[in-house]
Amino acid sequence: MKLHGFNNLTKSLSFNMYDICYTKSASEREAYIAYIDEVYNAERLTNILKNVANIIGAHILNIAKQDYVPQGASVTMLISESPIEVPKEEPPVPQAVVCALDKSHITVHTYPEYHPNDGISTFRADIDVATCGEISPLKALDYLIRSFETDIMIIDYRVRGFTRDISGKKLFIDHDITSIQNYIPDDIRKQYDMIDVNVYQEHIFHTKCKLREFDLDSYLFELSKDQLTKEETDAITHKLRIEMDEIFYGKNMTPPK
């Protein structure tokens, strides 16, 4: 496909993941938050985003990063489709954690939190990859999924704007896609229940994923189900499943206490 000028279509991928955990006591909740902040600190998130840029074939122009108090971290990168020549007299790019691309960017923000009464703790990471030109953020979706311990995934993909072919005809999308699931490997798709909400004429694609297998031990922090009574096991399982369903469907399913 020959174009008139630059391919200025914008392709945006938003990857929203949740890790859900049961923390029995206040000290366990604090330990869980501390664990998440250590495992997903700004330095590690930066390395993940650098790998994303490498996978999609982008060149990093600038990085800014920050670990927050009391919790959470952010990284932003600016990127370009091709290398940008920097004059020798200009100072080197500062070592921060925001990745910037030429008219494109990659960002990640983390949000650890917990329920005030029911012992449920969650970790959310929001990742956005926006590219302009021929490079596609969908190439990095497999890597992003495997980089996080993910119970719930909410993924959005949209193509914005238009470019023109050599005759002047507008092109509003430059690749075939019917679902985000087309870009998720089979071994991962088998692990999740998935729902699609797509608006094809607007080039908007939305997929929700919820982990199928439920092993209570995987959701207990500093605790095992062998230490629990049958009543406790049933109650905690019910709380965790309700939490996952509410996040997956985006609505409260039990009245507040």
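Trainee: Which residues of α1 are buried?

Mentor: This is a predicted model, where local features need pLDDT of at least 70, side-chain atom pairs count only at pLDDT 80 or more, and totals for chains, interfaces and linings use all residues. Residues are numbered from 1 along each chain as its sequence is written, and side-chain values use heavy atoms, leaving out hydrogens and water. In α1, the buried residues are E28, R29, Y32, I33, I36 and D37. Buried means under 20% relative accessible area, exposed over 50%, and partly exposed in between (1.4 Å probe, protein chains only). Their cover includes β1 (10–22), β5 (104–114) and β6 (120–132).

Trainee: How do you know that the span of helix α1 agrees with its number of residues?

Mentor: The expected span is 1.5 Å times one less than the number of residues. For the 14 residues of α1 (residues 26–39) that gives 20 Å, and the end C-alpha atoms are 20 Å apart, so the two agree. Helices here are DSSP runs (H or I, at least four residues), and strands are too (E, at least two), numbered from the N terminus.

Trainee: Why does T237 count as buried?

Mentor: Its relative accessibility is 17%, so T237 counts as buried. T237 sits in helix α5 (residues 230–249) and touches F214 and L216, leaving aside residues up to four places away in sequence. Contact means heavy atoms within 4.5 Å.
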